[in-house]
Amino acid sequence: MSEQRRAERLDLPREPRGLKLPRVDQETFGRWAEGIARGMGTANFIVYMTLVISAWFLWNTLAPSGLRFDPYTFTFLTLVLSIQASYAAPLILLAQNRQADRDRVGMEEDRRRATMQKADTEYLAREIAALRISLGEVATRDFVRSELARLAEELDEAAQRRQRRDRRQRDSSADTLAGRGGLEEPRDEVDGGHSGGGRQDAEAPRAPQS
């Protein structure tokens, strides 16, 4: 009843009909196929297979006819080798596909890392350029030392000019005082009294003698 209702509903997907095959774990089967392909690609497999085929030939050729299980033309051996080849080719292809998928994932990861490294390198390059620019604007020790030396020289020159100006001012004031002293000699009271009295006596008329 419930199945009938479900079949009548249009909002539910219809169940697939037909033969249901058993599901196989792709990862497990892939690892198994890679193991077989890796084993078949070794020298040990070739050596062991050569020994088995040689023993097969020798037994079915030299053994009594009643004990031979695959007489000449070796039909059974041909069938076994055909089955081996028919299974080996798909297993090898499956292993190659899985290896190609891993290589693709590895290449994508390498490309992503390369992109990240390129971005990091460009960022570091920009940061280094910015640091260079900022360091070019910062005063270095030699620049500060040269500026201090220049300022010290300017201060020494200014002090020397000030000393020369003060010396000239003192010399000019001394010359001014010396010039004033030459125009107006200070009077000596003793000299002025005697000289004045004598001059007056000389200029005054003498009194008549009696």
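A residue is called buried when its relative accessible area is under 20%, exposed when it is over 50%, and partly exposed in between, using a 1.4 Å probe and protein chains only. This is a predicted model, in which local features need pLDDT of at least 70 and side-chain atom pairs count only at pLDDT 80 or more, while totals for chains, interfaces and linings use all residues. Residues are numbered from 1 along each chain as its sequence is written, and side-chain values use heavy atoms, with hydrogens and water left out.

**Aromatic pairs**

- The structure holds five aromatic pairs, where rings of Phe, Tyr and Trp (its six-membered ring) pair if their centres lie within 6.5 Å, and planes under 30 degrees apart count as stacked, over 60 as edge-to-face and the rest as tilted.
- The ring centres of W56 and F69 are 4.9 Å apart and their planes stand at 75°, so this pair is edge-to-face.
- Ring pairs also link W56, F69 and F76 into a cluster.
- W56 is buried, because its relative accessibility is 15%.
- Y72 and F74 form another edge-to-face pair, with 5.8 Å from centre to centre and 80° between the planes; Y72 is exposed at 69%, whereas F74 is buried at 13%.

**Around N60**

- N60 counts as buried, with a relative accessibility of 2%.
- A polar atom of the N60 side chain lies 2.8 Å from the backbone oxygen of W56.
- Leaving aside neighbours within four places in sequence, N60 is in contact (heavy atoms within 4.5 Å) with R68, F69, D70, P71 and F74.

Key:
Polar contact = N/O pair within 3.5 Å; in protein donor to acceptor, adjacent residues only side chain to side chain.
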